[in-house]
Amino acid sequence: MKEEVYYSEQAASAEKKKRKKKSKVKSYVITTIFLLLSIVVGYTIGRLQYQFEAAMLLVNRDVKSDLDSVDVGEYDLISSDKVVNILLIGTDKRSYSTEDGRSDSTMIATIDGKHKRLKVSSLMRDMYVSIPGYEDNRFNAAYSYGGVTLLYKTIAQNFGIKLDGFVQVDFVDFKKVINEMGGVKVELTQWECDWLKRKYPDYGRAQKLKAGTNNLNGWLALSYSRIRYDENGDFGRTQRQRNILEGMFRKIKSLPNSKLQQIMKNVLKNVKTDLTNKEILSYISNVLFMGTMEIDQFRLPVDDGYTDETIRGMEVLVLDLEKNKKALSDFIFEYDGEKEETKE
């Protein structure tokens, strides 16, 4: 019996050594694989960064409008080191115009690192607000009076939000961006399809639209985003603009790196911004590491936070300023995806 036990212990010991040796070999293999992967990933990231920085040389840098240099010290601004707010400006300058035009679309894109969420807030152009140095007017007049700088001051004075940079594109460039992406998928209602068909009776692509998901080219995406003739008026228009932005985000995240590089080379020259390469790369990395494909949407003014009035012949939205200011701050800095956000 003892011999059997002795033999069993020897066998167990030998088996243990064998397993240990295998484990050692396995760990060497895993370590080597991870090392090789690290080298490949490092090379890829380095190559992508090089290509990215080369493409970024094409961007139109607006140093004069750098938001960091705008004097907003007199306003009590809310900010967080875990939240990045980028001002998105769509201007109504046409290719035949030499003027800057007005900010036809103004949004705040938020990268919320605290709650791991992406957010977009629309600021409606007909809001009646205080514009520093000027008479109270529609919100979109601020850009016409003083460009990006005055637009930021107007947002700071009325809504108390600190912005970290801006990106601007005009109508012509907007269409180019969409076309370079291969179009953008949007869910259309039957009314929206009918409206676009009536608007462009001779345009073949418009006539092929149907209720449901459609892939819109630049022209149709722009036309869709400007619709404001249904019962929701300009409120519906801002919702459509956010729909386009979300569709663009989803499309970009699904494209291969080679296509992204091509788009960057062809599109970035049509973009104006005050962001540095380092900042843009950092923000892109933050978005990619979040892993989310969803964008939380918001709109100012909030329901029950305004009245329709006519002032100096202008049809405007007169705000309950404190209510809207708090609602925007809560959405940007506190909304975590669980609480119910303000409804359209």
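**Figure 1. R117 and its salt-bridge partner D296 in the predicted model**. R117 is partly exposed, with a relative accessible area of 22%, in a structure that is a predicted model rather than an experimental one. The side chain of R117 meets that of D296 in a salt bridge, with a distance of 2.6 Å from N to O. D296 belongs to strand β11 (residues 296–300) and R117 to strand β4 (residues 117–123), so this pair ties together parts of the structure that are 179 residues apart in sequence. In contrast to the partly exposed R117, D296 is buried, and its relative accessible area is 8%.

**Figure 2. The salt bridge between R250 and E246 within helix α7**. Both residues lie in helix α7, which spans residues 233–254, and they are separated by four residues, or about one turn of the helix. Elsewhere, salt bridges that share partners join R125, D234 and R237 into one network.

**Figure 3. The salt bridge between D164 and K162**. In this view, the closest N and O atoms of D164 and K162 are 3.4 Å apart, and the two residues form a salt bridge. K162 is partly exposed, with a relative accessible area of 28%. The structure as a whole holds 13 salt bridges.

**Figure 4. The open sheet formed by β6, β5, β13 and β12**. Four strands make up this open sheet, arranged in the order β6-β5-β13-β12, and the pairing among them is mixed. The edge positions are taken by β6 (137–138) and β12 (306–311), each of which has a single partner strand, so that one side of each is left without a neighbour in the sheet.

**Figure 5. The antiparallel pairing of β12 with β13**. Strand β13, comprising residues 314–319, pairs with β12 in the antiparallel sense, and six bridges are found along this pairing. Within the pairing, T307 stands opposite V318, a residue of β13.

Key. Residues are numbered from 1 along each chain as its sequence is written. This is a predicted model: local features need pLDDT of at least 70, side-chain atom pairs count only at pLDDT 80 or more; totals for chains, interfaces and linings use all residues. Side-chain values use heavy atoms; hydrogens and water are left out. Two strands pair if DSSP finds at least two bridges between them. Helices (H or I, at least four residues) and strands (E, at least two) are DSSP runs, numbered from the N terminus. A salt bridge is a side-chain nitrogen of Lys or Arg within 4 Å of a carboxyl oxygen of Asp or Glu. Buried means under 20% relative accessible area, exposed over 50%, partly exposed in between (1.4 Å probe, protein chains only).
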